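Hello,

Here is the structure I promised to pass on to you. Have a look at it first, and then read on for what turned up in it.

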Amino acid sequence: MKKVIFLFLLAILSCKNDVKTPETKPTESESVVIRDTIYIETHDQKPNKTQKQLKEELTQKGYQTFDFVDEQTKDTILMQQYFIAFLKSGPIRSQNEEEATQLQEEHIEHLTRMYREGYADISGPFGDNSEIRGITIYNVPTLEMADSLANLDPMVKAKRLVVEVRPWWAAKGYKLR
């Protein structure tokens, strides 16, 4: 459980971002929209790209995107399709404590690998004991790929969890705060 909380907090803390004025150039770890240019942090530390370059790159890789024009600022915001995997209670939850602990460790290793390899942007459990146990947001081009990666989770393979993957749109380069 401590590992789950640590991973969740790490994901939240890594997404913090201070707002900068347009005159301030963002640092490597920041993301800010300035008119038609978006400065982004990439998981592999590549140089920042313009919104146009990023859109072209995402399109070439098979990602779905569209431009959204903010009515107030008239800024063009690049929207990208992500996929949210809802992790739900599965039909087999009768593992003994040792098996459940081992599955939880393997589950955390899987989610850590998905984040480290750039497939998942954030994961975390819900704070109640409902049917939906947690989510992972996958940053991959297709629903099929997100579903395949989510089903590699040892908890899913053991049927302790089942997944439902849904498409979700979000502004590219923005952070949680």
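A residue counts as buried when its relative accessible area is under 20%, and as exposed when that area is over 50%. Please keep in mind that this is a predicted model.

Let's begin with Asn139. This residue sits in the loop between strand E6 (132-138) and H4. Its relative accessibility is 12%, so Asn139 counts as buried. Leaving aside residues up to four places away in sequence, Asn139 touches Tyr63, Gln80, Tyr82, Gly118, Tyr119, Ala120, Asp121 and Lys172.

One of those neighbours, Tyr82, is worth a visit too. At 7% relative accessibility, Tyr82 is buried as well. There are 2 aromatic pairs in the model. In the pair of Tyr82 and Trp168, the ring centres are 6.1 Å apart and the planes meet at 55°, so this pair is tilted. Because Tyr82 belongs to strand E4 and Trp168 to strand E7, the pair ties together parts that lie 86 residues apart in sequence. Trp168 is partly exposed, with a relative accessible area of 36%.

Now for the cores. Which residues touch the most other members of the largest nonpolar core? They are Phe83, Tyr138, Val140, Ala146, Ala150 and Val165, out of 16 residues in that core. At least two core residues come from each of strand E4 (76-89), helix H3 (97-116), helix H4 (143-150), helix H5 (154-157) and strand E7 (161-171). Another core, of 5 residues, lies apart from this one and includes Tyr82, Ile84, Ile122 and Ala170. As for Phe83, its contacts beyond four places in sequence include Tyr138, Val140, Ala146 and Val165.

Just after H2, Gly62 takes a positive phi of about 95°.

With a relative accessibility of 19%, Thr65 counts as buried because the cut-off is under 20%. Among its contacts beyond four places in sequence are Leu58, Gln80 and Trp169.

Enjoy exploring!

Best wishes

Technical notes: Residues numbered from 1 in each chain as written. Predicted model: local features only at pLDDT ≥ 70, side-chain atom pairs only at ≥ 80, totals over all residues. Heavy atoms only, no water. Buried < 20%, exposed > 50% of the residue type's maximum accessible area, 1.4 Å probe, protein only. Contact = heavy atoms within 4.5 Å. Core = buried A, V, L, I, M, F, W, Y, C linked by side-chain atoms within 4.5 Å. Helix = DSSP H or I, 4+ residues; strand = E, 2+ residues; numbered from the N terminus. Phe/Tyr/Trp six-rings, centres within 6.5 Å; stacked < 30°, edge-to-face > 60°.
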